[in-house]
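Here's a quick briefing on a two-chain model, meant to be read with the viewer open. Have a look at the structure first, then work through the points below.

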Amino acid sequence: MAMTGEMGRPGLLATLREKYFSSLGNAALSIICFSILALIVWKFFDWAILSAVFSAANGPEACKATDGACWAVIDARWRLILFGLYPHEEHWRSALACGVVVVMTVLSCLPYFWNGRSISVIWIGGFLAFYFLMKGGILGMPVVDEQSWGGLSLTVFIFVTTVLVGTPLSILLALLRRSELPWISALTGIVIDSVRSLPLLTILFAFAVVLPFLLPDWASGDKLYRAIFGSALFFAAYQAEIIRGGMQGVPTGQEEAAKSLGIRYRHRIQRILLPQAFKNALPATINQFVITFKETSLFIIIGFFEILASGNAAYGTGNWTFAFVEVYAFIAMIYFVFVFSLSRYGAFLERRMDVGDH
Amino acid sequence: MLSAWNNIKLRNAMLQIIYVGGFVAVIATLIVMGRTNLQAQGIISGFDFLWKSTGWDVNFSLIDFSARDPYWLVLVVGILNTLFLGTIGLVLATVIGVIIGMARTTENDLARLLGAIYVEVFRNIPLIVQVFFWYAIVTRFPGPRQAINLADSFFLSSRGLYGPGLNITGLSAFLGIVAFLAGLGVIIWISAAQRFRRMDPARKTRLRWLILLGAFIVSLVIFWIGRIPDTSLVSMPALKGLNFRGGIRISTELSAMAISIAIYGGAYIAEIVRGGFNSVGRGQIEAAKSVGLTKWQVFSRVRFPLALRAMLPILTNQYVWLIKATTMGIAIGFADFFMVVSTAINQSGQTLELLGILMGGFLVINFSLAAILNRINRAIALKGNQLRS
């Protein structure tokens, strides 16, 4: 600043030259990157908007006449992609249930609600609202069985249930692993490490497909809940390590002080250790939520009709088979909106906490 | 009884016995119940089935395999396929990740923007969506008769990518490549390890060239031994009837999996690379510049070695994750370890044994990968007053 002060602000051209054409290599890099960017932006804009067909009114034939995107397939099949096989006249319930979960997620991102009780109330309340909206049977809503759930709402249901079951389990595992009793911590460590080194898919497969061969009929339960339990176990193994990392960030002096004051184990954990551990572990926890949300898509492989499967069905049948790119783009966009906003929020928190510490 | 509970030593012992005993009891009950259940279906437990022939074939195999071969061989085929896909995926993902990660650490805004778009787009879409997408793309290429022709030696078609190949068995190709890579590994070891630090530089260079030549010759010999008799060594794909004959075929399943793992893993590795370079202190770079090192020297002697040390532990986790991600091959029918085991469970009913083999296999693969990378990590870690030659 001091140097340019006397000469005034450098002109646009000078800035450009300094930033993008300072040397031969830099100039080449700038030109290559600019061409790629321009090409991508133009091609994408042309494909997705200019030459695209948006309305399904003219059927698939209208799409074949153009090179652009065939958004008509979404126009024709969006209900199938979002709601799966849910009864047509009850679709509003499925949409409302997803809305409830979005509100629940937004609420839990507000620091105002960051204490054990509020978060539990929000998540359990949100889950119950979601469940009864989907299942029905109360307030004159007809019952819709889990077998007919599908699309986005099934994805959301798998995610929320996994987190709700997995979080208490993860706290339990983390506490057991840092237990002072050697056998307990060793065995818990083996369990956590084994689960972590297996692919999620093998765990889902074991719970959903293999378990019924091993258990008598009365003990095996519904396939969906078995698979969700497997997914929750996997989530808990990872989350337990994250929480344990957060606990290690709490100075040992605090625990010793609490012990010397004669505070009971339960209260030491509940009021001293866990609140601080959660705060330390928050960015990593959000990251784990993001990963878990993405991994719900694996349920397609063990035969559930979640959003990816309903997307496959949307273009796989009838005369839309050529329009798979648009369907995948639509599904990718839905995932992107959820995952990107959550991970941005996580990055924001991380920066904020970094600032707070110094 | 109450006094026993108040004795802290006794209580701790009891708690541990209850916990461990309860865990063992649950597992044992599951196994016993499973065995009786399976026996009721007429399935005898034990590992004898491994020597029975399968009666089904796999769609992709590096070694010769037919439906008459036994179960243990099909498991080996699955493990080799997983390792094969994993190796291709990891190498490609690392290349992409390094390029994008470097782009994100340059001074050039445009390169950084391009890198950021890449990372955000591909990292935020689940891998399996990308797998389905690429599979849909590669299976919609024109059929073999209208295949896209690249210089008469590569053909892109809906049956896969055809290219010139060597007329050798898959196993010897695999072993030959492994032998060559092992040679490269020894060369890196000689360059980096403490043990060879005091060696005369000229001798060291000579030794490295000798090893390279040796590895090359050994792999050629392995190729030569494994060649298929009565054929020319190089075979070109050619259209015969409705399909291509000769050359090597990279199946659509394999290429879709490799592309997706490379692109998705590349986005994650790019972030790790960026983080590694950003962790190198400004002071170090300024110091390097001020002692008169050139730009390349600053990069190769200061920034890169320091960044690598910051990256490696995180990279280990990412590699393990990517190996686990190969299991998604089952979604599109790539015969990896997981798919082979699940087919075997379906066909033979030996559920418990195969599940044990599946989990044991992944534990071994992942622990060995992590162990190798951790060993490298320890070997290159900065030591107290290490002087670099």
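H5(B) and H8(B) are oblique to each other, where oblique is what's left once angles under 35 degrees (roughly parallel), over 145 (roughly antiparallel) and 65 to 115 (roughly perpendicular) are taken out. Before going further, note that this is a predicted model, in which local features need pLDDT of at least 70 and side-chain atom pairs count only at pLDDT 80 or more, while totals for chains, interfaces and linings use all residues. Residues are numbered from 1 along each chain as its sequence is written, with chains lettered from A and ligands numbered from 1 in the order in which they are written.

- The axes of H5(B) and H8(B), the latter spanning residues 252-278, come within 8 Å and cross at roughly 135 degrees; axes here are lines fitted to C-alpha atoms, for helices over the stretch in contact, and angles run from 0 to 180 degrees between N-to-C directions.
- The crossing of H5(B) past H8(B) is right-handed, meaning the near helix is turned clockwise from the far one by less than a right angle.
- On the H5(B) side you'll find Leu127(B), Gln130(B), Val131(B), Trp134(B), Tyr135(B) and Val138(B). They meet residues of H8(B) including Met257(B), Ile259(B), Ile263(B) and Tyr264(B), with contact defined as C-beta atoms, placed from the backbone, within 7 Å.
- By class, that contact of H5(B) with H8(B) has ten nonpolar, four polar and no charged residues. Nonpolar covers Ala, Val, Leu, Ile, Met, Phe, Trp, Tyr, Cys and Pro, charged covers Asp, Glu, Lys and Arg, and the others, Gly among them, are polar.

**Chain B overall**

- Chain B has twelve helices and eight strands; these are DSSP runs numbered from the N terminus, with helices (H or I) of at least four residues and strands (E) of at least two.
- Of the 389 residues in chain B, 31% are buried, i.e. 20 or more other C-beta atoms lie within 10 Å of the residue's own, with C-beta atoms placed from the backbone.
- Among contacts in chain B with a separation of 6 or more, 69% link residues 24 or more positions apart.

**Strands in chain B**

- E2(B) (residues 154-157) and E3(B) (residues 160-163) run antiparallel and are joined by three bridges; strands pair if DSSP finds at least two bridges between them.
- A hairpin through two residues connects E2(B) to E3(B), and Ser157(B) sits opposite Gly160(B).
- E3(B) also pairs with E8(B) (residues 248-250), again antiparallel over three bridges, and Leu161(B) is opposite Ile250(B) there.

**Where the chains meet**

- The contact draws 41 residues from chain B and 42 residues from chain A.
- H2(B) gives the most to chain B's side, with eleven residues.
- That side of chain B has 28 nonpolar, ten polar and three charged residues.

**Chain A helices**

- H5(A) (residues 72-83) and H8(A) (residues 151-177) pack at about 20 degrees with axes 3 Å apart, which makes them roughly parallel.
- Ile81(A), Leu82(A) and Phe83(A) of H5(A) touch Gly151(A), Leu152(A) and Ser153(A) of H8(A).
- H15(A) (residues 307-316) is largely enclosed by the rest of the structure, because seven of its ten residues are buried. Among them are Ile307(A), Leu308(A) and Tyr315(A).
- Just after H15(A), Gly318(A) takes a positive phi of about 70 degrees.

Technical notes. Contact = placed C-beta atoms within 7 Å. Buried ≥ 20, exposed ≤ 12 C-beta atoms within 10 Å, placed from the backbone.
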